[in-house]
Amino acid sequence: MQVQVNHDNHVRLAGDTAERLSKTVEDYLSKFADRITRVEMHLGDVNAGKGGADKRCMLEARMSNMPPIAVTHTAETLQLAIDGALERLDHALGHAIGKRETH
């Protein structure tokens with residue numbers, strides 16, 4: 001599984017943060033590792049530093065022989081946004097794969 005981390009110009013990531021985020025995504029979605037070819041993570045600050053629940057994490061998973069699945073979660077911190085998006089993606093992937101296997 002390939003994980004690509006992108007961010008807008010309002011989000012600052014330290015040198016090894018992208019690698020740690022990639023590892024986190026791989027670990028969290030490991031049960032789908034044989035089906036997922038790539039996951040793209042897009043991190044952003046919706047209000048550009050004006051405050052509020054404005055950190056956004058969008059995850060898009062690409063699987064072989066299935067359309068991509070994308071989820072978004074917005075929260076007060078990047079970590080909460082990432083955790084929420086991972087939970088949503090886990091649920092969406094489980095639903096899509098389960099639905100496909102029953103047909």
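**A tour of salt bridges**

Select D90 and K31: they form a salt bridge, with the closest N and O atoms 3.3 Å apart. A salt bridge here is a side-chain nitrogen of Lys or Arg within 4 Å of a carboxyl oxygen of Asp or Glu. D90 sits in helix α2 (residues 78-102) and K31 in the loop between α1 (17-28) and β2, so the pair ties together parts 59 residues apart in sequence. Helices (H or I, at least four residues) and strands (E, at least two) are DSSP runs, numbered from the N terminus.

The model is predicted: local features need pLDDT of at least 70 and side-chain atom pairs pLDDT 80 or more, while totals for chains, interfaces and linings use all residues. Residues are numbered from 1 along each chain as its sequence is written, and side-chain values use heavy atoms, without hydrogens and water.

Now colour by accessibility. D90 is buried, at 18% relative accessible area. K31 is exposed, at 57%. Buried means under 20%, exposed over 50%, partly exposed in between (1.4 Å probe, protein chains only).

Next, select E40 in strand β2 (residues 36-45). Is E40 buried or exposed? E40 is buried, at 13% relative accessibility. Its side chain meets that of R38 in a salt bridge (2.7 Å, N to O). R38 is partly exposed, at 25%.

Move to D45. D45 forms a salt bridge with K55, at 3.2 Å between the closest N and O atoms. D45 lies in strand β2 and K55 in strand β3 (residues 55-63), so this pair ties together parts ten residues apart in sequence.
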